[in-house]
Amino acid sequence: MYSANSGRRHERRFDTNRPELYEEVKLFRNAREREKYDNMADLFALIQTLQCLEKAYIKDAVTAKEYTEACSKLLAQISAAFNLVKSSTYPDIPTFMKEYYLDCPAALQRIEEGKPITVQDNQGNISKSIADVISLYITLCDKLQMDMRAKDELYTDLKCLADVLDRMSNIPSDFDGKKKVYFWVGELDKLSAADTLDEEQVRQMVFDLESSREAFVRTLG
């Protein structure tokens with residue numbers, strides 16, 4: 001027998017006695033947890049980007065110079081990003097990649113070697129110094145942009161950058177980028193460990209370091 005209700009769609013019934021079932025599920029409950037997931041997402045994205053760069057270089061889609069600079073930058077960023085994620089749960093990058101099914105073998109090999117594929121051991125100390133210089137430039141700029149402006153947060157990396165540049169015989173003695181680095185070493189020398197740079201100094205230092213890095217890359221030909 002035909003029922004007046006037989007042609008109607010069955011409506012989904014909800015348990016009104018359990019309102020918790022209708023609450024939005026969130027990954028985080030507070031700002032600290034949100035930052036944790038943001039940091040993991042940043043690391044995940046950087047590793048994927050490095051994988052794409054490795055494949056692009058293999059396919060000759062980027063020049064060796066472009067690859068070396070981009071790879072050095074990514075390795076420095078991955079190192080900084082992992083420091084924010086590192087814990088007993090993620091003691092190393094391979095563990096993090098395994099946990100989130102991140103299948104990026106080329107990126108992992110590059111991370112484990114710690115240098116671009118274009119920087120080979122048989123090229124001697126000059127190639128290693130090039131990678132170190134680019135990495136230090138990037139690290140310092142990243143710190144400043146993350147509002148790390150105290151002397152004790154910047155001085156070690158800045159002094160190391162100055163020392164590496166000073167040891168490189170293939171860099172002209174009048175290289176302007178070297179002078180800018182020395183200038184900021186001198187400025188930080190005037191401060192006590194807890195003293196910080198002001199907004200104007202930070203802006204100028206970032207500008208000087210970025211222009212110095214670009215000039216350094218141009219000297220490599």
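Is Phe 96 buried or exposed, and at what relative accessibility? In this predicted model, Phe 96 counts as buried, at 1% relative accessibility.

## Aromatic residues around helix 3

The whole structure contains 6 aromatic pairs. In one of them, Tyr 90 and Tyr 100 have ring centres 5.9 Å apart and planes at 40°, so this pair is tilted. Tyr 90 belongs to the loop between helix 2 (64–85) and helix 3 (93–99), and Tyr 100 to the loop between helix 3 and helix 4 (105–113), so the pair ties together parts that are 10 residues apart in sequence.

A tilted aromatic pair is also formed by Phe 96 and Tyr 100, with 5.2 Å from centre to centre and 50° between the planes. Tyr 90, Phe 96 and Tyr 100 together make up one aromatic cluster.

In soluble globular proteins, nonpolar side chains tend to be buried together. The largest nonpolar core of this model has 30 residues, and the members that touch the most others are Tyr 137, Leu 158, Leu 161, Val 181, Leu 209 and Phe 216. At least two residues of this core come from each of helix 5 (125–145), helix 6 (151–167), helix 7 (176–189) and helix 8. Helix 5 makes the greatest contribution, with 9 residues.

Neighbours within four places in sequence aside, Leu 158 is in contact with Leu 140, Val 181, Trp 184, Val 185, Leu 188, Met 205 and Leu 209. A separate, second core comprises 24 residues, among them Leu 50, Leu 53, Val 62 and Ala 81.

## Asp 208 in helix 8

Asp 208 is located in helix 8, which spans residues 199–219. Although Asp 208 is buried, it has no salt bridge; Lys 180, the nearest side chain of opposite charge, is 4.5 Å away. The cut-off for a salt bridge is a side-chain nitrogen within 4 Å of a carboxyl oxygen.

The side chain of Asp 208 does, however, form a polar contact with the side chain of Trp 184, at 2.9 Å. When residues up to four places away in sequence are not counted, Asp 208 touches Lys 180 and Trp 184.

Arg 149 occupies the loop between helix 5 and helix 6. With a relative accessible area of 15%, Arg 149 is buried, since the cut-off for this class is under 20%. A polar contact of 3.1 Å joins the side chain of Arg 149 to that of Glu 199. Beyond residues up to four places away in sequence, Arg 149 touches Leu 154, Asp 195, Thr 196, Leu 197, Asp 198, Glu 199 and Val 202.

Ala 193 is found in the loop between helix 7 and helix 8. Its relative accessible area is 44%, and Ala 193 is therefore partly exposed. Apart from neighbours within four places in sequence, Ala 193 is in contact with Ala 150, Lys 151 and Asp 152. Ala 193 and Ala 150 are 43 residues apart along the chain, and their C-alpha atoms are separated by 7.0 Å.

Methods: Residues numbered from 1 in each chain as written. Predicted model: local features only at pLDDT ≥ 70, side-chain atom pairs only at ≥ 80, totals over all residues. Heavy atoms only, no water. Helix = DSSP H or I, 4+ residues; strand = E, 2+ residues; numbered from the N terminus. Buried < 20%, exposed > 50% of the residue type's maximum accessible area, 1.4 Å probe, protein only. Lys, Arg positive; Asp, Glu negative; His and termini not counted. Polar contact = N/O pair within 3.5 Å; in protein donor to acceptor, adjacent residues only side chain to side chain. Contact = heavy atoms within 4.5 Å. Core = buried A, V, L, I, M, F, W, Y, C linked by side-chain atoms within 4.5 Å. Phe/Tyr/Trp six-rings, centres within 6.5 Å; stacked < 30°, edge-to-face > 60°.
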